[in-house]
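Please consult the sequence and the model below while reading.

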Amino acid sequence: EGRMTIDWARENVDRWLETMNPEVATLMFGSNDVDQMDPAAYAAKMREVVRLCLDHGTIVVLSTMPPRAGRLEKCRQFAEAARRIAREERVLLVDYFGEILRRRPEDWDGSLPRFKSSPGDEYQVPTLIARDGVHPSNPRAWLNDFSETGLSRNGYTLRNYLTLRACAELIEAARLGPR
């Protein structure tokens with residue numbers, strides 16, 4: 001489903017935790033919230049969802065949202081809020097926003113004029129955000145290509161890679177035990 005927000009997550013998280021009883025939950029909200037609330041309201045709702053998960057005994061992996069075309073500075077504030085929550089709540093962070101900007105600082109946005117002539121549908125742009133300026137790109141040529149080139153040209157592959165690395169960190173931490 002699309003158009004899900006942190007408010008939607010807050011309205012449903014109690015039921016999800018009860019029915020699914022997850023050991024781990026990856027939370028990434030913000031793309032749909034950026035037009036609906038300010039960073040402080042977003043942070044308050046996100047922190048509430050994180051704490052409900054933690055209180056339930058669910059390990060949280062918190063992800064920053066990707067940048068959105070035309071809203072970079074507000075997205076940056078949302079990403080910083082997620083980073084702050086991760087530090088304060090001591091949960092693992094996937095900095096998807098930061099990785100996108102690190103890998104493609106000038107041309108992460110598939111809605112830029114330079115990508116208008118790229119062949120294929122809106123997801124087939126050779127950068128990290130699709131032609132709609134919101135969703136990750138997904139060009140077939142770099143689908144599941146975990147090379148540096150693939151990770152800088154397929155937004156979904158980058159997101160999956162970062163999330164899998166976070167899962168590997170959790171597994172390694174569990175293997176090593178408490179310190």
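R114 and D107 join their side chains in a salt bridge, with N and O 3.2 Å apart; the term denotes a side-chain nitrogen of Lys or Arg within 4 Å of a carboxyl oxygen of Asp or Glu. R114 is exposed at 56% relative accessible area, whereas D107 is buried at 10% (buried: under 20%; exposed: over 50%; partly exposed: in between; 1.4 Å probe, protein chains only). The model is predicted, with local features requiring pLDDT of at least 70 and side-chain atom pairs pLDDT 80 or more, while totals for chains, interfaces and linings use all residues. Residues are numbered from 1 along each chain as its sequence is written, and side-chain values use heavy atoms, without hydrogens and water.

**Other salt bridges**
- The whole structure contains 17 salt bridges.
- D35 pairs with R68 at 3.5 Å, N to O.
- D35 is partly exposed at 46% relative accessibility, whereas R68 is buried at 8%.
- R10 and E48 form a salt bridge whose closest N and O atoms lie 2.7 Å apart.
- A network of salt bridges links R47, R51, E88 and E89.

**Helix packing**
- The axes of α4 (residues 96-103) and α6 (residues 155-176) come within 11 Å and cross at roughly 130 degrees (axes are lines fitted to C-alpha atoms over the stretch in contact, and angles run from 0 to 180 degrees between N-to-C directions; helices are DSSP runs of H or I, at least four residues, numbered from the N terminus).
- The contact (heavy atoms within 4.5 Å) involves Y96, E99, I100 and R103 of α4 with G155, Y156, L158, R159 and L162 of α6.

Key
Helix = DSSP H or I, 4+ residues; strand = E, 2+ residues; numbered from the N terminus.
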